[in-house]
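Keep the view open as you read.

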Amino acid sequence: MSWGTELWDQFDNLEKHTQWGIDILEKYIKFVKERTEIEISYAKQLRNLSKKYQPKKNSKEEEEYKYTSCKAFISTLNEMNDYAGQHEVISENMTSQITVELTRYVQELKQERKSHFHDGRKAQQHIETCWKQLESSKRRFERDCKEADRAQQYFEKMDADINVTKADVEKARQQAQLRHQMAEESKAEYSSTLQKFNHEQHEHYYTHIPSIFQKIQEMEERRIVRIGESMKTYAEVDRQVIPIIGKCLDGIAKAAESIDQKNDSQLVIEAYKSGFEPPGDIEFEDYAQPMKRTISETSLSNSRGDSKTELKFASKSKGKLWPFIKKNKGAGPEDFSNLPPEQRRKKLQQKVDELNKEIQKEMDQRDAITKMKDVYIKNPQMGDPGSLDHKLIEVGQNIEKLRLEVQKFETWLIEVEGRLPVRGEQARRQSGMYEAQNTPSVNNCAQDRESSPDGSYTEEQSQENELKMMATDFDDEFDDEEPLPTIGTCKALYTFEGQNEGTISIAEGEILYVIEEDKGDGWTRIRRNEDEEGYVPTSYVEVYLDKNAKGAMTYI
């Protein structure tokens, strides 16, 4: 089955058909291009949707996303973002593997088609030229034959006429011979031209045209194969992202399965628990008896504080129960005294943690400036060491201000924790550890207090003494505990002078033992020997935890 033999006379139709094939290919390219635009638009809309419902940073909405259902929703948004990324991959792959490749192929196909049909037209023009030559030779032969016949008839007429001179007869005879000679030459030329044309025509229809049409057929078949391969690629591009899309959907399903309604309920308790006991029974007031009416005492007026606290609550509540008191919508006091005890404790603890992080940042900045100053001292050409003194003083003042703020909030925190019921052992340990880290700041607080004119301590001094006693009690309890086991080793990256109580000095390059990893407060507890142990900044050491230790993980 060959176009060269079966369609030898369908040059014009083949030209139309191949042009139609190119149009189909360009139509498919346009289809894929529009599909890629749809994928890009869809991915963009998905990303915008995911971004729209993400909680805003440092907002109340972000705090609400501590619940497992909200975390699952965040996971869903993140997975949808990845899901959108796969649609972008589809668009990119279809553009690079189909649209770009087919567009280049169409250009090549047009050039090849143009070349083949140019050859075909050239062959047709050649055979038409040969045909015209044959027709011209044939007409000349026919004309010469007719002229020869007329010359012969004229000679015979002149020869039969007795009145014609012999010279005229001879002239007519010579003319007839000349015409016969010319007819014979035309005949020979016509015969030669005819043989040549037949040969050219045979070559045209059995060699040249079949070869050209065969090339056109192969070109068209390659186009068909190429569009088939592109359609297969179209499906494969989609199929390649199906596993990843499946993982995104599995991630959404896993996030949904991680929702724990009990945990969310417990978080609600922790978020809104006031720390007060429910009101007790109201005593019966017998108005029939003499006018000795007692004031009802509830758990609100019978709180665990002193008598001043009782009068304070009684006067403010005026018989109303705590849960139904309207909250103050204005800016609250600095010590959060407008909040219930449990909520106040959380706010104070949060404030202390924030201040400690700021202190750590300032200390890191001070250490960096100190190192830079040492470099300037050793290499004066790099800079003036004295130019950093002002910055060091400023950072030191900032640290001192922050420490005073920590002392203030820790005092309020200890006061609140003293009024709340005793919490679990873990909470006591965390509170004690925190207190141990900040003991120097608390001890120095007494120097900033003012005494009364007669030399006696004010109420603030009494609170300070109470704070010291609580810290001492914790230290005693801490000393009675058994030594903590070693959970790994660490290498000192920088030298640290442990001047505060609870810390330990280390030298750069020193290898020590880790007995308690960083709990999120920026300090790691280490041991040099049986008698020397304490806390160092986590950023000053490179920690290698034992893999066999419970919950161990390696970090720098």
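How many disulfides does a search of the whole structure find? The search finds zero. Keep in mind that this is a predicted model. A disulfide is a covalent bond between the sulfur atoms of two cysteines. Two cysteines are worth a look here. Cys 70 is partly exposed, at 22% relative accessible area. Cys 248 is buried, at 5%.

Now turn to the charges. The structure holds 23 salt bridges. Take Arg 104 and Glu 101, whose closest N and O atoms are 2.5 Å apart. Both residues sit in helix α4 (residues 68-160); they are three residues apart, so about one helical turn separates them. Arg 104 is partly exposed, with a relative accessible area of 41%. Glu 101 is partly exposed too, at 28%.

Helix α5 (residues 166-257) holds another pair, Arg 239 and Glu 236, three residues apart and thus separated by about one helical turn. Their salt bridge has its closest N and O atoms 2.7 Å apart. Arg 239 is partly exposed at 47% relative accessibility, and Glu 236 is partly exposed at 31%.

Next, find Arg 525 and Glu 533. Their side chains meet in a salt bridge of 2.9 Å, N to O. Arg 525 is buried, at 5% relative accessible area, whereas Glu 533 is partly exposed, at 31%. Shared partners join Glu 516, Arg 525, Arg 527 and Glu 533 into one salt-bridge network.

Glu 354 lies in helix α8 (residues 341-378). Glu 354 is partly exposed, with a relative accessible area of 37%.

Note on methods
Residues are numbered from 1 along each chain as its sequence is written. This is a predicted model: local features need pLDDT of at least 70, side-chain atom pairs count only at pLDDT 80 or more; totals for chains, interfaces and linings use all residues. Side-chain values use heavy atoms; hydrogens and water are left out. Helices (H or I, at least four residues) and strands (E, at least two) are DSSP runs, numbered from the N terminus. Buried means under 20% relative accessible area, exposed over 50%, partly exposed in between (1.4 Å probe, protein chains only). A disulfide is a pair of cysteine sulfur atoms within 2.5 Å. A salt bridge is a side-chain nitrogen of Lys or Arg within 4 Å of a carboxyl oxygen of Asp or Glu.
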